[in-house]
Amino acid sequence: MSHEKGIHVIVVGCGAIGSFLVSLLARMPGVTRITLIDPDTYHHSNLRSQNIFPGDVGEPKVAVQARRLRALNPRLDVAAIPT
């Protein structure tokens, strides 16, 4: 996707707060690009404290949140870095 002029937000950590924050950022006017950085995967214990579903367990956190962001805002440029 081309890089539009706008705000680029980098989120380091897609767990507790990050899992809730990213969907809010995707809805903000002016945000055109979000880069997600997190090396971890979601675990069953994350279900009660993070914005995820049972089907997300075992998946990389950045992949789950990137998929969610693209569904919320298809025009958003999302980069997922699992390191």
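This is a predicted model: local features need pLDDT of at least 70, side-chain atom pairs count only at pLDDT 80 or more; totals for chains, interfaces and linings use all residues.
How are neighbouring strands turned against each other?

Now the first pair. Strand S1 covers residues 7–12, and it pairs with S2 in the parallel sense over six bridges. Let's walk along that pair. Ile7 stands opposite Val31 in S2. Further on, Val11 stands opposite Leu36. Then comes Val12, whose bridge partner in S2 is Ile37.

Keep your eye on Ile37. On the S3 side, the bridge partner of Ile37 is Ile81. So much for single residues; here is the second pair. S2 and strand S3, residues 77–81, run parallel and are joined by five bridges.

Buried here means under 20% relative accessible area.

On to the helices. Which elements make up the β-α-β units? One unit consists of S1, helix H1 and S2, and it is right-handed. H1 runs over residues 16–26. The other unit consists of S2, helix H2 and S3, and it is right-handed too. H2 takes residues 61–72. Notice that S2 belongs to both units.

Where does H1 sit? H1 passes H2 in a right-handed crossing. The two helices pack at an angle of about 25°, and their axes are 9 Å apart. Angles under 35 degrees count as roughly parallel. H1 and H2 are therefore roughly parallel to each other. Which residues make the contact? From H1, they are Ser19, Val22, Ser23 and Ala26. From H2, they are Gln65, Leu69 and Leu72. Find those side by side on your screens.

Last stop, a loop residue. Leu47 lies in the loop between S2 and H2. Is Leu47 buried, exposed or partly exposed? Its relative accessibility is 25%, so Leu47 counts as partly exposed. The cut-offs explain that: partly exposed is what lies between under 20% for buried and over 50% for exposed.

What does Leu47 touch? Leaving aside residues up to four places away in sequence, Leu47 touches Ile52, Phe53, Pro54 and Val57. Now compare its position with Cys14. Leu47 and Cys14 are 33 residues apart along the chain, and their C-alpha atoms are separated by 13 Å.

To recap. H1 and H2 are roughly parallel to each other. And Leu47, in the loop between S2 and H2, is partly exposed. Thank you.

Notes
Residues are numbered from 1 along each chain as its sequence is written. Side-chain values use heavy atoms; hydrogens and water are left out. Two strands pair if DSSP finds at least two bridges between them. Helices (H or I, at least four residues) and strands (E, at least two) are DSSP runs, numbered from the N terminus. A crossover is right-handed if, with the strands pointing away from the viewer, the path from the first strand over the helix to the second runs clockwise. Axes are lines fitted to C-alpha atoms, for helices over the stretch in contact, and angles run from 0 to 180 degrees between N-to-C directions. Angles under 35 degrees count as roughly parallel, over 145 as roughly antiparallel, 65 to 115 as roughly perpendicular and the rest as oblique. A crossing is left-handed if the near helix is turned anticlockwise from the far one by less than a right angle, and right-handed if clockwise. Contact means heavy atoms within 4.5 Å. Buried means under 20% relative accessible area, exposed over 50%, partly exposed in between (1.4 Å probe, protein chains only).
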